Amino acid sequence: MSSRPDSLAEVSLATPDTLLNSSTNHPPGISTSETATPCESFIYTSYNSSPLLPSQHSGPYGEEIKSSPHSKKGAAYVRPVLLFLSTVLVAVAVVVPVYFVVIKHQHHESDITKGTSSSNPSSVGSHAGPTYGANGSTVTTSDGSTFTYINPFGGYWIDDPNDPFNDGARPNSWTPPLNESWVWGTNKVYGVNIGGLFVLEPFISPALFERYPEAIDEWSLSTLMAADTSNGGLSQIEDHYNTFITEQDIAEIAGAGLNWIRLPIPFWAIEKWDFEPFLEQVCWPYILRVLQWARKYGLRVNLDLHTIPGSQNGFNHSGKFGKINFLNGVMGVANAQRALGYIRIIAEFISQPEWRNVVPVFGIMNEARVAVIGMDQMTSFYMQAHDMIRNITGYGEGNGPYIAIHDGFQGLSTWAGFLEGSDRIILDTHPYFAFSGNSNPAPIATGTGVDAGGIWPALACSRWGTEMNASQTGFGVTFAGEFSNGFNDCGLYLNGVGNAQDVAPSCSLYLDSSQWNDTMKAGLQQLALASMDALQDWFFWTWKIGPSSNNTIAAPLWSYQLGLQQGWMPTDPRMAIGTCAALGVTAQQFDGVYEPYQTGGPGAGTINPVLVSSYGQYPPKSISGLSAGATQSFLPTYTSTSAIPTLPPPTFTPSPPSSVIIGNGWFDSSDTSLAATEVAGCTYPDAWDAISVAMPTALCPPTASAGASVVVTSVPALATSSPTPGP
């Protein structure tokens, strides 16, 4: 079994063609992070006292220079440097190498692709200065393997052992570097999901599930793997974390003209409870590794909490396939207590200055089934989560991430005016033809050029373009967190394990892309371009589909990477602009201007009092899924008396200078409430299967106050249990 990346050494071992040895010599437009202040109080647990926990540091990061590295007027951008240099000789020593590494590649990329570093690559990591790489540069990974960074769009990576939180990289010329502001309505999200990495899905990693035919979701897969010690037990999942997505994948995403990734993560990155079979906490170092790779290549991350205790949708990617036990049924409120706790812990971590630029969006719950849970109930929950997060981060632009919520399959127009006055909430929608419930056998391989794709490209434009534009006005910032080329539901395990529909004879063509001709590929590319144009800000699902046991990609319609390799995904996402208009489908275009509160401006956080009156009560006034006549006040709840299982920061090999602030995993030192746990002496039904159980007829404990949340003014107690290592 491969070792887990406890040190995250891979992040700081890339070797560019040209090495800049001074840690203070930043090219124009590439700056180190802003000076950060560590939290004065941190909730230490045995989890964050693990080898991942670094020593505490303090001090400034360094000089910031904000000019663009892609301007032809290079001399104008070295002026801030010259102001701080005492001699012309020193100025020339700084400017000349910067010119050849970062600026000259705009006109003469061959100069950078042909060069090799004159320094020993091992010097990287010995407190060498920041290194930079553009199109054609060589990247050396932690295992010594190398690949060539291909990025024809003006993007560049940065590796800085002296400051592992250097946010100066950018993925392409039309996307601001991480240390510059992203402007919603002006900058466009061209993103891709890293699906199936930390939340396992059968159709993304079919070989894992083929090995255990009875497994239908991560719950059952984990149970079966744990019993199969002869084949490595749960360590098979850690092997998947370590190998499914590599640094080269992240580099290729940047090189494809994309600028964001959406990264689904499970709640068991934080903890699991004893009755749950998941691999607890092991994925967290790998999540940090992906975040650091994203930083290195200038990609922003939409971090999405994909699983919720009890399941928010009953889908196999919620952790367990079957029933919805979040805010639904006897354990609905208790499961929501845990969910809020995990949202809080993640918000604390990503709101630290070290992570704000890399993770500007936090998706707090994936695809909650509003039709089952209830719109009023979800509104109440989202208001509670909004207030909790903003009490941690503060209000207004720059204070913590945007909060993304899913449309719950209710249609975008349902959410117009939602929580008016709230602070930076994004509406996420997942438009799919494959799961629309309206099977359409229309062909997609109909020709090339304007005839490519048959009805499908125009259908994407007409079905999605108008409502996306309307939602930008009616709700605020709106993006498509998922979409694909799946115009049908063909693909191994796409509809779940054991569903013969997705591998029926009518699907045979769509299970093997080696059978596709140029007409088929042209049709798929036209569908992709039309979808991108209609959606405007989007994340394709997904970057990679793993091979099945026969070594074929059996759901090729869903792989962006495979589409690039074999010619049906656009090599430049900007090709999509104007596709719908060319097809004769037009919509009233959003003008790019949001209400000030929607992007953290004046009024952000002042929710309409009428909405507060209607939805401010929490738990919600009523819970779905209860038997007639049930007394809601008797529902089981947890008590907030447990130590908080906080998320530890990474360590780096080699360690950065003592002046670098690494953070401690907890942004708001005044946030000292304890975590939810079962009330001693009370009996709880199965938290994942409590829809049909008998409703309690009395409180447990007998007094209502005994189960109430406890808020303390001191730092929470230490956790007493150690994290569960991978077997």
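User: Which residue meets Arg 424 in a salt bridge, side chain to side chain?

Analyst: This is a predicted model. Arg 424 is buried, at 1% relative accessibility. The N to O distance is 2.7 Å, and the partner is Asp 423.

User: How many residues apart in sequence are the parts tied together by Arg 262 and Asp 428?

Analyst: The two side chains form a salt bridge, 3.7 Å from N to O. Arg 262 is buried at 0% relative accessible area, and Asp 428 is buried at 3%. Arg 262 sits in strand 6 (residues 260-265) and Asp 428 in strand 10 (residues 425-429), so the pair ties together parts separated in sequence by 166 residues.

User: Is Lys 323 buried or partly exposed?

Analyst: Lys 323 forms a salt bridge with Asp 689, with the closest N and O atoms 3.2 Å apart. The pair links distant parts of the chain, 366 residues apart: Lys 323 is in the loop between strand 7 (300-305) and helix 10 (332-350), and Asp 689 is in the segment after strand 14 (675-677). Asp 689 has 33% relative accessibility and counts as partly exposed. Lys 323 has 39%, so it counts as partly exposed.

User: How many salt bridges does the count come to?

Analyst: Side chains of opposite charge can pair when their charged atoms come close. By the rule used here, a Lys or Arg side-chain nitrogen lies within 4 Å of an Asp or Glu carboxyl oxygen. The count comes to 13.

User: What is the volume of the second largest cavity?

Analyst: The whole structure holds 5 cavities of 30 Å³ or more. The volume is about 60 Å³.

User: Which residues does Ile 237 contact, leaving aside its neighbours within four places in sequence?

Analyst: Ile 237 belongs to helix 7 (residues 235-243). Its relative accessible area is 0%, so it is buried. Ser 222 is 15 residues away in sequence, with 8.3 Å between the C-alpha atoms. Beyond its sequence neighbours, the contacts of Ile 237 are Leu 200, Ser 222, Met 225 and Leu 279.

User: Why is helix 8 largely enclosed by the rest of the structure?

Analyst: Its buried residues pack against strand 2 (138-140), strand 3 (146-148), strand 5 (190-193), strand 6, helix 9 (284-296) and helix 16 (560-566). The buried set is Glu 247, Asp 249, Ile 250, Ala 251, Ile 253, Ala 254 and Gly 255. Helix 8 (residues 247-255) is largely enclosed because the buried residues number 7 of the 9.

User: How many residues are in the largest nonpolar core?

Analyst: Phe 198, Leu 263, Phe 326, Phe 381, Tyr 382 and Trp 558 have the most contacts inside this core. Its largest share, 12 residues, comes from helix 10. A second, separate core has 13 residues, including Trp 184 and Phe 539. The largest core has 166 residues.

User: Where does Leu 327 lie?

Analyst: Most residues other than glycine have a negative phi, and most peptide bonds are trans. Leu 327 is not a glycine, yet its phi is positive, about 50°. It is buried, at 0% relative accessible area. Leu 327 lies in the loop between strand 7 and helix 10.

User: What is the omega of the cis peptide bond that joins Thr 653 and Pro 654?

Analyst: Another cis bond joins Trp 541 and Thr 542, with omega about 10°. Thr 542 is in the loop between strand 12 (538-540) and helix 16. Pro 654 is in the loop between strand 13 (639-642) and strand 14. For Thr 653 and Pro 654, omega is about 0°.

How values were computed: Residues are numbered from 1 along each chain as its sequence is written. This is a predicted model: local features need pLDDT of at least 70, side-chain atom pairs count only at pLDDT 80 or more; totals for chains, interfaces and linings use all residues. Side-chain values use heavy atoms; hydrogens and water are left out. On a 1 Å grid over the protein atoms alone, a cavity is a set of points where a 1.4 Å probe fits but cannot get out, and a pocket is an open set with protein on both sides within 12 Å along at least five of seven lines; lining residues have an atom within 4 Å of a point. Grid points are joined across faces, edges and corners, and a volume is the space filled by probe spheres set on the points. Helices (H or I, at least four residues) and strands (E, at least two) are DSSP runs, numbered from the N terminus. Buried means under 20% relative accessible area, exposed over 50%, partly exposed in between (1.4 Å probe, protein chains only). Contact means heavy atoms within 4.5 Å. A nonpolar core is a set of buried Ala, Val, Leu, Ile, Met, Phe, Trp, Tyr and Cys residues joined through side-chain atoms within 4.5 Å.
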